[in-house]
Amino acid sequence: MAHETEHTSHHPSFNQYVLIAIVLFAITIVEFVLIWDTARIVDHLGPSKIPLLVALSAVKFAIVIMYYMHLKFDNRLLGAVFIAGLALAFLVGMALIALFVGFEGNPRDYAEARALPYAEHAEETVGGESTETNHETDTPPVAAGPVAIAVSAAGETLAFDISSISADSGSEVTLTLDNPSANNAHNLVIVTAGTKDAVAADGTAAGPANDWVSPGDSRVIAHTALAGPGASANVTFEAPSPGTYQFVCTFPGHNFTMFGDFIVK
Ligand SMILES: [Cu+2]
């Protein structure tokens, strides 16, 4: 009898369990409404919904631990240890979220503003090519005189600002690479058709001391030195026999997006 009394006083009754289940269910409904798009509460709350949701789930967690797992009826010290750990985890989590919400701007917006969608890039290619071709046919008449071509890295994007350049065979070409990037180093390497990735792979093996170009690579027609952030580099060479060549940046990884055609007429 004495044992029975003690036992019941240390555990919730059936009705209390039902009440706890109802409370947990109610909190879940509140959480759901908070993140439910149609309710539009989410728009008004902004980032503050995150600590609110974390607090609600912490309350649910605590209730489950305290009642269903009997922590409330164990030694008080065990409860204190548990609550202290939970509070600490909550504070660290909130501090991390505050750290990221507090930053100016949205990293995704930044990336999207600077990304070149594949379809648009292809359109630009056609446009750039045609204007470039017109430009070339307008200026130098026939003779294979000196030609100056300027190519720039496209801001912080791993791409050149132009997808096609051209020159007449035998002309003396001075190619200038401008690098406006604040972070990236680039070079510009003229290679035979279809070899840009293979040349870049060998350039990676050759390392920065060789400006990421393998010395004596027979596929390389000409190349600039590596242009660091904000720097320029140029190279003068004789345009090879007519055909379509490639220009590429062989800095490791850049060759997949940073290239174009060099058309020799
Ligand atoms: Cu590059």
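Biologist: At about what angle does helix 8 run to strand 4?

Modeller: In this predicted model, helix 8 spans residues 196-206. Helix 8 lies across strand 4, strand 5, strand 7 (243-248) and strand 8 (259-264). Its angle to strand 4 is about 130°.

Biologist: What is the strand order of the open sheet?

Modeller: The open sheet consists of five strands, and their pairing is mixed. Neighbouring strands of this sheet are turned against each other by 25° on average, direction ignored. The strand order is 2-8-7-4-5.

Biologist: Which residue of strand 5 is the bridge partner of V191?

Modeller: Strand 4 comprises residues 189-191. Strand 4 and strand 5 pair in the antiparallel sense over three bridges. In strand 5, the bridge partner of V191 is V220.

Biologist: What percentage of the residues of the chain count as buried?

Modeller: The chain has 265 residues and contains eight helices and eight strands. A residue counts as buried under 20% relative accessible area. By this cut-off, the buried share of the residues is 28%.

Biologist: What percentage of the accessible surface of the chain belongs to carbon and sulfur atoms?

Modeller: The accessible surface of the chain comes to about 15,800 Å². Of this surface, the share that belongs to carbon and sulfur atoms is 65%.

Key: Residues are numbered from 1 along each chain as its sequence is written. This is a predicted model: local features need pLDDT of at least 70, side-chain atom pairs count only at pLDDT 80 or more; totals for chains, interfaces and linings use all residues. Side-chain values use heavy atoms; hydrogens and water are left out. Two strands pair if DSSP finds at least two bridges between them. Helices (H or I, at least four residues) and strands (E, at least two) are DSSP runs, numbered from the N terminus. Axes are lines fitted to C-alpha atoms, for helices over the stretch in contact, and angles run from 0 to 180 degrees between N-to-C directions. Contact means heavy atoms within 4.5 Å. Buried means under 20% relative accessible area, exposed over 50%, partly exposed in between (1.4 Å probe, protein chains only). Accessible areas come from the Shrake-Rupley method with a 1.4 Å probe; for residues, only the protein chains shown count as cover.
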